[in-house]
Amino acid sequence: LLKGSKHKSDRFPFLRELVDELSLHRGRSLVVCGERQPMAVQLLCAAANQLLGNTESTIRYVPSPVLQGQPLGELGDSLDAGAVDLLMTVDVDPLRDLPPDHALSSRLQGAKERVALCQGSGPMASQATWLLPAQHPLERWGDARAQDGTLSFTQPLLEPLGECIAPEELLLLLLEEHPKVGRDWFSAFWTDARIREVGDAASLYECLAQGLVPGSDAAPKAA
């Protein structure tokens with residue numbers, strides 16, 4: 001790739017043109033792959049961008065906004081030992097999303113009570129002893145971070161169509177004696193002072209108008 005090899009492939013003739021184009025646009029090109037690709041493919045893409053001089057030019061690396069939890073192996077061991085009194089899933093379905101080698105479906109019976117907050121039917125809902133209807137994202141207040149760390153806010157576009165609860169409100173019910181709901185909890189958390197701590201905006205109202213918090217993206221880190 002770097003030396004512009006003249007090797008030709010009869011099977012993949014487009015590769016020659018691709019290599020030439022990337023070599024001619026060092027520092028201005030970009031090699032990407034899907035987020036579901038295995039780690040080996042992700043590393044190859046990172047190496048290709050580094051060799052092409054794209055790092056810090058057309059691509060930069062920031063810390064992942066995804067929170068890292070405890071290993072699922074510990075949960076599986078606790079379920080097998082019958083040491084879990086209450087297992088709660090909040091707006092997720094691990095039976096649908098996790099690889100089958102976790103064998104979580106057959107181990108869930110180790111939890112005495114299984115509470116699932118979800119928007120509809122699914123594998124986890126079918127095994128829950130208590131099923132709570134979750135609000136749709138278009139019905140609730142919330143926040144989220146983009147891949148680059150930029151903080152944005154979600155605002156409801158319609159009133160809840162039935163008796164349901166937002167994930168944040170359920171967690172507040174478990175943590176506080178008199179929890180706020182709806183916009184009250186959102187405004188109580190995202191005060192103007194906190195907005196100024198995480199970004200360049202002066203107020204929550206300004207961020208709601210823009211749809212994001214300016215200057216809240218993560219600082220780059222070494223690849």
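A polar contact is a pair of N or O atoms within 3.5 Å; within protein, one must be able to donate a hydrogen and the other to accept it, and residues adjacent in sequence count only if both atoms are side-chain atoms. The side chain of Gln127 makes such a contact with the side chain of Ser105, at 2.8 Å. This is a predicted model, in which local features need pLDDT of at least 70, side-chain atom pairs count only at pLDDT 80 or more, and totals for chains, interfaces and linings use all residues. Residues are numbered from 1 along each chain as its sequence is written, and side-chain values use heavy atoms, with hydrogens and water left out.

**Gln127**
- Gln127 belongs to helix α6 (residues 123-127); helices (H or I, at least four residues) and strands (E, at least two) are DSSP runs, numbered from the N terminus.
- Gln127 has a relative accessible area of 16% and is buried, a term for under 20% relative accessible area (1.4 Å probe, protein chains only).
- Beyond its neighbours within four places in sequence, Gln127 is in contact (heavy atoms within 4.5 Å) with Leu95, Ser105, Leu108, Gln109 and Arg114.

**Ile165**
- Ile165 sits in the loop between β5 (151-154) and α7, and is buried at 17% relative accessibility.
- With residues up to four places away in sequence not counted, Ile165 touches Leu117, Pro133, Ala134, Gln135, Leu170 and Leu173.
- The C-alpha atoms of Ile165 and Cys118 are 9.6 Å apart, with the two residues 47 apart in sequence.

**Helix α7**
- Helix α7 spans residues 167-175, and Pro167, Glu169, Leu170 and Leu172 are buried in it.
- The buried residues of α7 pack against α8 (183-189) and against the strands β1 (84-90), β2 (111-118) and β3 (130-133).

Key:
Buried < 20%, exposed > 50% of the residue type's maximum accessible area, 1.4 Å probe, protein only.
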